[in-house]
Amino acid sequence: NVLGDSFTDNTRDALGDGTFYFTRWYEFAKTICGVKTVNNYGFGGTCLSPYASGDNSFYTRMQNMKQHVSLVFVQGGTNDYHFDVPLGTINDDTTDTFYGTLNKMCDYLVNYYYDAGIVFCTPIMRVSPAQNKTEAYPANNQTNNLNLHLEDYANAMIETCAKWAIPCVDMYHQSKICPQARNTMNFARFM
C-alpha cells in the first residue's frame, strides 16, 4: 500500500491532468524491487491530518486500505505545512495537530499491519510557496501562517517515527529532490 498526496496520486496532480510527474515514483520502485502489485491510496492536495483535509485526510483514507499486504508506505506532510496544520507536540493524541495525527497513524498501523513493513517518508523540498505567500523561491525558507517551516514538519515525522520504532526515509534533508524537477526515478532509487 502507498498512501500519499499528489506525488503519489495516480489519477491527477497539481495541474489536474495526471501528467505532471509522468511515471509515478512507485511504478519505478515496483520495477526496481520486483513488486507485483501496488495499492495506491494517494490523493493530491491532502494532509495527514483531518484538521485541513477532513474525510480525504491520510488518517481517514488509511483506515480503508487493504490489510493483508507486505508493506505500507506513507509519504506526505507538505500539505499539512501548506494548509497550516498546527504542529503540536510529540505526545499529542489528537488529529487536530500534525504530531497527534502521526501518533494516531503510527498506533493504527502497528496494530492493523503488525505483519507488514511500515515506512514513512518525509516531505521532499518544495518550490511552490506556502498558502497566501507570493514568493516562489526559495519556498523552503518560507514560513507558513503559523510561522513554521516545511522542515519543522519533516523533523516532526522523523521524531515521531523514532518514538514508534518505525523507519522514516528522510527525503527532505537527504534526497536533493523537489517535485518540479520531474525526477521521480531518482525518488524511487533513493528509497
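Predicted model: local features only at pLDDT ≥ 70, side-chain atom pairs only at ≥ 80, totals over all residues.
Over which residues does pLDDT stay under 50? The stretch is residues 13-21. For this stretch the model has 18 contacts beyond four places in sequence. The average pLDDT is 81, and 73% of the residues score at least 70. Among the elements, helix H5 (residues 98-112) has the highest mean pLDDT, 98. Helix H8 (residues 184-190) has the lowest, 49.

Turn next to the sheet. Five strands form an open sheet with parallel pairing. Their order is S2-S1-S3-S4-S5. Strand S2 (40-42) and strand S5 (168-169) stand at the edges. Each has a single partner strand, so one side of each is left without a neighbour in the sheet. Strand S1 (residues 2-4) runs parallel to S2, and 3 bridges join the two. In one of these pairings, Leu-3 has Tyr-41 of S2 as its bridge partner. Helix H5 packs on the sheet. It touches S1, strand S3 (71-75) and strand S4 (117-121). The direction of H5 makes about 160 degrees with that of S4.

Two loop residues deserve a look at their backbone. Asp-84 lies in the loop between helix H4 (78-82) and H5. Asp-84 is not a glycine, yet its phi is positive, at about 60 degrees. Ala-165 lies in the loop between helix H6 (150-164) and S5. Ala-165 also is a residue other than glycine, and its phi is positive, near 55 degrees.

Are these residues buried or exposed? Asp-84 has a relative accessible area of 13%, so it counts as buried, the cut-off being under 20%. Ala-165 has 67%, so it counts as exposed, the cut-off being over 50%.

Conventions
Residues numbered from 1 in each chain as written. Heavy atoms only, no water. pLDDT = per-residue confidence, 0-100. Helix = DSSP H or I, 4+ residues; strand = E, 2+ residues; numbered from the N terminus. Contact = heavy atoms within 4.5 Å. Pairing = 2+ DSSP bridges. Axes fitted to C-alpha atoms, helices over the stretch in contact; angles between N-to-C directions. Buried < 20%, exposed > 50% of the residue type's maximum accessible area, 1.4 Å probe, protein only.
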